[in-house]
Amino acid sequence: MRQARDALLVTHGGPLLDPIVPLLRRSSFTIHRAPAEAASIELMQTSPFDLIVIEYPIEGSSMNAIVSAVRAPESASRNAGLMVVADDTGTAAVEPLVGGGINRIVRRSHVGSEFLMALADLLAVEPRRPLRAVIRVKVMASSNTSNMILAQTENLSASGMLVRGSVRHFPVGSEIDFQLVLPGAQEPVRGRAQVVRHAQWRRERIEGFGVRFTNLSPNAAVRIKNLLEGSD
């Protein structure tokens with residue numbers, strides 16, 4: 001049986017988000033609603049939601065202010081998936097916050113078709129655990145040569161990790177090869193991953209990049225799972 005989760009729809013009161021309600025219920029979400037007004041920010045901070053979907057814009061507030069409030073350390077919803085539904089103009093205004101507090105943007109004209117894919121992508125991301133571990137990442141020095149550089153992980157999940165270090169060689173969308181030295185292990189976990197975001201200094205206070213695993217060496221997924229669960 002799937003665990004029940006809570007989703008908050010912050011709307012202007014129209015039918016725009018109605019098509020996504022059945023999708024959320026099939027994914028075991030309990031639906032809550034709030035008006036797209038600054039007064040709803042307190043609800044986002046004080047109640048623990050697993051998913052927040054906001055119909056942009058919010059009257060009396062900016063997305064920067066909302067993201068800062070929701071992602072604050074004391075916020076009950078700081079780990080919620082945060083999605084924004086906006087028209088083309090709003091999408092352009094909100095895009096700089098993707099990866100910096102907002103997880104996904106869905107266009108108003110494609111709510112039905114794009115929301116399901118965005119939701120599935122969000123639900124595929126596993127909870128992350130703080131972990132400081134040494135990682136070696138392959139960097140292409142030229143068209144024919146490559147170097148391995150040392151870095152350190154900030155956190156780890158079954159689906160990816162956040163790595164501390166310069167982002168100069170790691171643009172979003174690029175693929176990396178890595179060797180991750182897990183605590184207490186002699187043999188590193190080897191694999192391939194895609195850079196999906198750069199860390200936001202203002203919010204996370206680190207320079208680094210987040211990756212999603214695309215290919216792991218044999219038994220690597222089991223070793224990572226055991227580590228996350230505290231098994232030997």
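Is Phe209 buried or exposed, and what is its relative accessible area? Phe209 is buried, with a relative accessible area of 2%; buried denotes under 20% relative accessible area, exposed over 50% and partly exposed in between, with a 1.4 Å probe and protein chains only. The legends below describe a predicted model, in which local features need pLDDT of at least 70 and side-chain atom pairs count only at pLDDT 80 or more, while totals for chains, interfaces and linings use all residues. Residues are numbered from 1 along each chain as its sequence is written, and side-chain values use heavy atoms, with hydrogens and water left out.

**Figure 1. Overview of the protein.** The protein has 7 helices and 12 strands; helices (H or I, at least four residues) and strands (E, at least two) are DSSP runs, numbered from the N terminus. Of its 232 residues, 41% are buried. Among contacts between residues at least 6 apart in sequence, 57% join residues at least 24 apart, a contact being heavy atoms within 4.5 Å.

**Figure 2. The aromatic pair of Phe170 and Phe209.** The whole structure contains 2 aromatic pairs. Rings of Phe, Tyr and Trp (its six-membered ring) pair if their centres lie within 6.5 Å; planes under 30 degrees apart count as stacked, over 60 as edge-to-face and the rest as tilted. The ring centres of Phe170 and Phe209 are 4.4 Å apart and the planes are at 25°, so this pair is stacked. The pair links distant parts of the chain, 39 residues apart: Phe170 is in the loop between strand E9 (160-164) and strand E10 (175-181), and Phe209 is in strand E12 (residues 208-216). Phe170 is buried as well, with a relative accessible area of 3%.

**Figure 3. Strand E4 and its partner E3.** All 6 of the 6 residues of E4 are buried, so this strand is largely enclosed by the rest of the structure. Gly81, Met83 and Val85 cover one side, and Leu82, Val84 and Ala86 the other; all are buried. E3 and E4 run parallel and are joined by 5 bridges, where two strands pair if DSSP finds at least two bridges between them. Val84 in E4 is the bridge partner of Ile54.

**Figure 4. The buried side of helix H3.** Met63, Ile66, Val67, Ala69 and Val70 are buried in helix H3 (residues 63-70). These residues cover an arc of only 165° around the axis, which puts them on the same side of H3; the arc is that of the directions from the helix axis to the C-beta atoms. Their cover includes H2, strand E3 (51-55), strand E4 (81-86) and helix H4 (88-94). In the loop between E3 and H3 lies Pro57, and the peptide bond from Tyr56 to Pro57 is cis, with omega near 0°.

**Figure 5. Helix H7 and its two ends.** Ala220, Ile224 and Leu227 are buried in helix H7 (residues 220-229). They cover an arc of only 60° around the axis, which puts them on the same side of H7. Asn219 lies in the loop between E12 and H7 and has a positive phi of about 70° although it is not a glycine. Most residues other than glycine have a negative phi. Asn219 is exposed, with a relative accessible area of 59%. H7 is followed by Gly230, whose phi is positive, near 80°.
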